[in-house]
Amino acid sequence: MKKIVTVTDLCCERCARRLADKLRLADGVLNAKGDYKKNRVLVEVLSSVTDEELKTLVETEGYEVVFVTERKGLFK
């Protein structure tokens with residue numbers, strides 16, 4: 001299942017990469033890629049991972065989650 005996690009204050013490429021790397025280490029997260037220009041992280045998770053669990057993972061790294069949405073389409 002692909003999701004978009006929109007956060008606040010991803011200030012640079014390094015911050016986005018570090019957050020994505022931390023998410024990839026979590027159980028149930030298959031892949032993650034940060035986009036600091038759009039303040040979001042694109043993630044692919046198992047269907048057993050809830051939005052609340054994903055939000056908690058991101059907030060543990062010190063970022064505030066604005067919202068989590070399902071990623072639809074090829075290029076979104």
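**Reading a predicted fold, feature by feature**

Biologist: Leu 23 lies in helix H1. Is Leu 23 buried or exposed?

Modeller: Please keep in mind that this is a predicted model. Buried means under 20% relative accessible area, and Leu 23, at 2%, therefore counts as buried. The C-alpha atoms of Leu 23 and Val 43 are 8.3 Å apart, although 20 residues separate the two along the chain.

Biologist: How should I read strand pairing, and which strands does S1 pair with?

Modeller: A general point on strands comes before the case: in a regular strand the side chains alternate between the two faces of the sheet. Here, S1 runs antiparallel to S3, the two being joined by 5 bridges, and Val 5 stands opposite Val 41 of S3. S1 also pairs with strand S4, residues 65–70, again in the antiparallel sense and over 5 bridges, with Val 7 facing Val 65 across that pairing.

Biologist: How many of the residues of S1 are buried?

Modeller: Of its 6 residues, 5 are buried, and S1 is accordingly described as mostly covered.

Biologist: What does Lys 3 form a salt bridge with?

Modeller: In general, side chains of opposite charge can pair when their charged atoms come close. Lys 3 forms its salt bridge with Asp 51, the closest N and O atoms being 2.6 Å apart. Asp 51, at 33% relative accessibility, counts as partly exposed.

Biologist: How many salt bridges does the count come to, and where do the others lie?

Modeller: The count comes to 3 salt bridges. Asp 21 and Arg 24 form one of them, with 2.2 Å between the closest N and O atoms; because these residues are 3 apart in helix H1, about one helical turn separates them. Both partners are partly exposed, Asp 21 at 35% and Arg 24 at 34%. Another salt bridge joins the side chains of Asp 35 and Arg 40, at 3.9 Å from N to O, a value to be read against the cut-off of 4 Å. Asp 35 is partly exposed, with a relative accessible area of 22%, whereas Arg 40 counts as buried at 15%.

Biologist: Which residues form the negative surface patch?

Modeller: The patch consists of Asp 9, Glu 52, Glu 53, Glu 59 and Glu 64. Among the members, Glu 52 belongs to helix H2, residues 51–60, and is exposed, with a relative accessible area of 52%. Asp 9 is likewise exposed, at 60%, and lies in the loop between strand S1 and helix H1.

Biologist: How do I read a backbone angle, and what is phi of Asp 9 near?

Modeller: Most residues other than glycine have a negative phi. Asp 9 has a positive phi, near 65°. Asn 39 is also a residue other than glycine with a positive phi, near 50°. Asn 39 is found in the loop between strand S2, residues 29–35, and strand S3, residues 40–45, and at 26% relative accessibility it counts as partly exposed.

Definitions and conventions: Residues are numbered from 1 along each chain as its sequence is written. This is a predicted model: local features need pLDDT of at least 70, side-chain atom pairs count only at pLDDT 80 or more; totals for chains, interfaces and linings use all residues. Side-chain values use heavy atoms; hydrogens and water are left out. Patches are made of residues with over 30% relative accessible area and no salt bridge: like charges are joined within 9 Å, nonpolar side chains (Val, Leu, Ile, Met, Phe, Trp, Tyr) within 5 Å. Accessible areas come from the Shrake-Rupley method with a 1.4 Å probe; for residues, only the protein chains shown count as cover. Lys and Arg count as positive and Asp and Glu as negative; His and the chain ends are not counted. The place of a charge is taken as NZ of Lys, CZ of Arg, CG of Asp or CD of Glu. Helices (H or I, at least four residues) and strands (E, at least two) are DSSP runs, numbered from the N terminus. Buried means under 20% relative accessible area, exposed over 50%, partly exposed in between (1.4 Å probe, protein chains only). Two strands pair if DSSP finds at least two bridges between them.
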